[in-house]
Amino acid sequence: MATIYSDVSRTFSEYLLLPNLTTKDCLPEKVDLAAPITKFSKGEEPSIRLNIPIVSAIMQSVSNDTLAIALAKCGGLSFIYGSQSIEDQVEMVRKVKKHKSGFVVSDSNVSVNHTLRDVLAIKEKTGHSTIAVTNDGTANGKLLGIVTGRDYRLSRDSLDKKVADFMTPFEDLIVGYVGITLSEANDIIWEHKLNSLPIIDKDQRLHYLVFRKDYEEHKQNPLQLMDSKKRLMVGAGINTRDYNERVPALLEAEVDILCVDSSDGYTEFQRKTIETIKEKYPEVRIGGGNVVDREAFMYLVEAGADFVKVGIGGGSICITREQKGIGRGQASAVIEVAEARNEYYEKTGIYIPICSDGGIVHDYHITLALAMGADFVMMGRYFARFDESPTKKVKRGGSFVKEYWGEGSNRARNWQRYDLGGNAYLRFEEGVDSYVPYAGKLKDNLDVTLSKMKATMSSCGARSISELHENARLVLVSSTSLIEGGAHDVILKESEY
């Protein structure tokens with residue numbers, strides 16, 4: 001006989017948080033939103049910790065390199081979508097890793113025999129205006145000079161003019177030497193009013209460039225999520241079909257973490273994927289999912305998953321529940337999986353972070369998901385609205401909107417995400433093609449969201465996500481109390497703007 005659960009499948013909107021005592025030490029500005037994204041043993045630190053508990057969804061209409069850069073600057077992480085060629089995904093990862101770094105390996109280089117035409121071609125390709133001149137035109141050749149936009153005038157200089165004739169020569173450069181700290185390099189930059197500082201060895205071979213803009217950018221974004229080399233961190237989605245080819249290419253591009261992208265993670269295909277990758281690359285961090293109950297959670301934990309994503313059918317563009325009749329209310333799923341995670345931690349001393357993926361409509365739903373036991377959330381619709389997402393901004397009905405489509409839609413054709421071992425095509429849609437209201441810049445909106453989260457946690461007497469896990473009190477609400485929670489029994493003034 002089928003197993004029938006008597007518990008109701010509940011969503012975030014059916015819950016509210018009860019306030020706890022807010023002490024003078026629990027003000028919003030003192031709330032720490034850092035969260036683990038990789039498993040760790042009791043008494044140890046995770047190999048990767050988010051500075052804010054938010055990641056972007058593995059979707060064509062959400063997570064490209066532009067959004068990944070913007071989110072990492074704010075302390076979160078993007079998983080570059082995998083429903084594209086291996087080469088294109090790898091290039092997106094590389095763009096993120098090269099965007100911000102304390103010590104940058106130059107990827108814009110020429111020799112003295114190149115021409116202004118070559119310099120302009122490199123600038124067009126990379127977007128970099130500072131180009132190193134080395135004896136062999138490589139990133140580690142003997143440094144002979146630097147070319148910037150101040151070294152040539154397009155209105156007067158011939159495109160065939162040799163680099164040797166207009167570069168700033170080595171003897172006019174101020175340089176640092178290998179072994180210098182980033183702080184010392186920045187001091188030299190500021191003391192001499194430089195835009196960049198080449199770092200060379202005793203043989204004059206170029207190793208790195210340090211840029212003024214990186215220092216200023218860090219000051220403006222103190223929560224930037226960076227690796228040990230001071231580069232922005234980025235993740236990538238993979239599937240259960242071509243991981244033997246895709247994963248090594250992503251690792252060569254120095255991706256920080258992977259996640260198997262699947263609507264249903266409780267499959268032998270996903271377990272084999274995780275186990276194979278862990279066997280070949282023991283140091284790789286990889287998440288699994290999606291699941292909605294303890295059995296599926298434990299299945300992926302035993303496979304070696306470093307974190308597990310929770311949620312089936314709760315996304316705003318997901319129609320899996322309509323099409324297949326499977327899934328679970330997001331609140332119920334998170335609560336059960338969090339209980340299983342806690343039991344596993346008590347038994348083994350190993351903590352497996354869980355990610356709540358889907359079901360978030362309002363900002364406070366993020367805090368609810370964390371209170372229910374999630375360590376971080378994954379969102380798609382939220383990020384699709386911003387300038388940095390890869391979709392078009394169009395005008396519709398007098399307002400600006402952005403395109404947003406699901407990975408299970410005919411537009412995405414991401415059959416790998418819904419792979420059940422059959423033929424390689426999408427038999428029916430599990431996602432829709434839609435629009436979302438345009439909202440502007442990511443940072444402006446995310447700052448407001450984070451402020452709300454900190455204010456809510458302060459009211460709950462929690463200065464960290466772990467304290468929220470421990471001390472949060474939640475209550476079910478009725479449909480009538482939902483109405484009571486918004487503006488009611490008044491005549492709202494129409495906005496004049």
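Guide: Helices (H or I, at least four residues) and strands (E, at least two) are DSSP runs, numbered from the N terminus. The model is predicted: local features need pLDDT of at least 70 and side-chain atom pairs count only at pLDDT 80 or more, whereas totals for chains, interfaces and linings use all residues. Residues are numbered from 1 along each chain as its sequence is written, and side-chain values use heavy atoms, with hydrogens and water left out.

Asp65 is buried, that is, under 20% relative accessible area, where exposed is over 50% and partly exposed lies in between (1.4 Å probe, protein chains only). Lys and Arg count as positive and Asp and Glu as negative, with His and the chain ends not counted. Asp65 has no salt bridge, a term that requires a side-chain nitrogen of Lys or Arg within 4 Å of a carboxyl oxygen of Asp or Glu. The nearest side chain of opposite charge, that of Lys95, is 4.5 Å away. Apart from neighbours within four places in sequence, Asp65 is in contact (heavy atoms within 4.5 Å) with Ile80, Met92, Lys95 and Val96.

Next comes strand β19 (residues 354-357), which is covered on both faces. Ile354 and Ser356 on one side, and Cys355 and Asp357 on the other, are all buried. Two strands pair if DSSP finds at least two bridges between them. Strand β17 (residues 307-310) runs parallel to β19 and is joined to it by three bridges, with Val310 opposite Ser356. Three bridges also join β19 to the parallel strand β20 (residues 376-379), where Met378 is the bridge partner of Asp357. With helix α11 (residues 363-371), β19 and β20 make a right-handed β-α-β unit; right-handed means that, with the strands pointing away from the viewer, the path from the first strand over the helix to the second runs clockwise.

The cores remain. A nonpolar core is a set of buried Ala, Val, Leu, Ile, Met, Phe, Trp, Tyr and Cys residues joined through side-chain atoms within 4.5 Å. The largest has 103 residues, and Ile37, Ile54, Phe79 and Phe383 have the most contacts inside it. Helix α10 (residues 330-348) gives the most to this core, with seven residues. Another core, of 11 residues, lies apart from it and includes Val110, Ile131, Val147 and Val163.
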